[in-house]
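Read the sequence alongside the model shown below. The paragraphs after it go through the ligands first and then through some of the helices.

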Amino acid sequence: MRLAVVGAAGRMGRALIRALHEMDGVCLGGAIERPGVPELGEDAGVLAGVGPLGVPVSDDPLSVIAATEGVLDFTAPAATRHFAELTAQARVVHVIGTTGMSEADLAEIRPAGRHARIVRSGNMSLGVNLLAALVRQAAAALDADFDIEILDAHHRNKVDAPSGTALLLGEAAAEGRGIPLAENELRDRDGITGVRPRGKIGYAALRGGTVIGDHSVMFAGPLETLTLSHHAQDRQIFAHGAVKAALWARDQKPGFYSMADVLGLAD
Ligand SMILES: NC(=O)C1=CN([C@@H]2O[C@H](COP(=O)(O)OP(=O)(O)OC[C@H]3O[C@@H](n4cnc5c(N)ncnc54)[C@H](OP(=O)(O)O)[C@@H]3O)[C@@H](O)[C@H]2O)C=CC1
Ligand SMILES: O=C(O)C1=N[C@H](C(=O)O)C[C@H](O)C1
């Protein structure tokens, strides 16, 4: 399967190029960056540290996407909206790892699922998607005497908070509890916050150094606390997950899918 990487010079872009080089049944069909970046024209394999692959970094997504079967997209919300139009036009697979997307961004992207096969997840790793299933189960078993708090820790260059993974875990907790997440989130705490409201799902975010991504979900109840957590040791877990998602999506109908669908963890 020929796959294009957009945002090729980014942290995940480089990890995705390495994954396509390492994994069977896939190859790098194109590497896209935004106009004006210094990496344009550079060999994508050299950029990613795996040696020459004969694929230069380009700023022409239209022609690259037309010549591939899918796009691996870990960029930024505005870029992902634009790429969703192109993958719908080309009727190819679009794997979206970009986080920090607003409801308005998602509303714009969802219709593309009528033509493209879209897999979107705030975290493409097996471990986090299994964690989400466990969080759903724990939240269903423990009543609102157990306060749910979600903590994410990431590197200093991350621009969005809570992380996409934290939001995915919040969604899983809300589903388990049978409550709508939007009305039950506690996001900002500063100053005299008052007593913690019962039944809400709280978030906290730490940013610093080179932390790849740590997440924990705490169920804090009367006289006992249960914590479920995941520690990412290398970005390749996300990149390998994204490639697996593309291979899976190739055989699906156009639609909007999650990583839980890919991994067979959806209800
Ligand atoms: N779902 C998951 O499993 C994971 C998701 N992520 C998410 O992926 C995203 C990227 O993360 P990361 O790689 O660390 O970030 P980086 O900033 O390192 O990479 C993003 C890249 O996309 C490029 N880009 C932005 N807009 C465009 C555009 N219009 N056309 C082409 N390229 C563009 C950026 O260029 P420039 O620098 O010039 O803006 C940059 O090179 C984030 O939202 C992050 O949260 C990360 C890891 C795992
Ligand atoms: O920006 C990152 O780096 C990561 N982003 C994703 C998120 O927002 O949860 C996934 C991973 O934790 C790394």
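A backbone N or O atom of arginine 11 lies 2.9 Å from an oxygen atom of ligand 1. This counts as a polar contact (a pair of N or O atoms within 3.5 Å; within protein, one must be able to donate a hydrogen and the other to accept it, and residues adjacent in sequence count only if both atoms are side-chain atoms). The side chain of glutamate 33 places an N or O atom 2.6 Å from an oxygen atom of ligand 1, and a polar backbone atom of glycine 122 is 3.2 Å from a nitrogen atom of ligand 1. On its own ligand 1 exposes 930 Å², and the protein buries 78% of that; such areas come from the Shrake-Rupley method with a 1.4 Å probe, and for residues only the protein chains shown count as cover.

The model is predicted: local features need pLDDT of at least 70 and side-chain atom pairs count only at pLDDT 80 or more, while totals for chains, interfaces and linings use all residues. Residues are numbered from 1 along each chain as its sequence is written, chains are lettered from A and ligands numbered from 1 in the order in which they are written, and side-chain values use heavy atoms, with hydrogens and water left out.

Around ligand 1 there are 21 residues, of which Met12, Glu33, Arg34, Thr99 and Met124 come nearest; a residue belongs here if one of its heavy atoms lies within 4 Å. By class, this shell holds eight nonpolar, nine polar and four charged residues, where Ala, Val, Leu, Ile, Met, Phe, Trp, Tyr, Cys and Pro count as nonpolar, Asp, Glu, Lys and Arg as charged, and the others, Gly among them, as polar. Helices α1 (11–22) and α4 (77–90) each supply at least two residues of the shell. Helices (H or I, at least four residues) and strands (E, at least two) are DSSP runs, numbered from the N terminus.

Ligand 2 also has Thr99 and Gly122 among the residues around it, along with others including Asn123, His155 and Phe238. The side chain of histidine 154 has an N or O atom 2.6 Å from an oxygen atom of ligand 2, and for the side chain of lysine 158 the distance is 2.7 Å. The protein covers 86% of the 320 Å² of accessible area that ligand 2 has on its own. Its shell has two nonpolar, nine polar and one charged residues.

Leucine 20 is in helix α1. Because its relative accessibility is 3%, leucine 20 counts as buried, a term for under 20% relative accessible area, with exposed over 50% and partly exposed in between (1.4 Å probe, protein chains only). Leaving aside residues up to four places away in sequence, leucine 20 touches Leu3, Val5, Val26, Cys27, Leu28, Leu72 and Val243, contact meaning heavy atoms within 4.5 Å.

Helix α6 (residues 126–141) has 16 residues, which should span 22 Å at 1.5 Å a residue; its end C-alpha atoms are 23 Å apart, which agrees. The expected span is 1.5 Å times one less than the number of residues. Among the buried residues of α6 are Val128, Leu131 and Val135, and their cover includes β7 (147–154) and α7 (164–177).

In α7, 11 of the 14 residues are buried, so this helix is largely enclosed by the rest of the structure. What covers them includes α6, β7, β9 (201–207) and β10. Just after α7, glycine 178 takes a positive phi of about 75 degrees.
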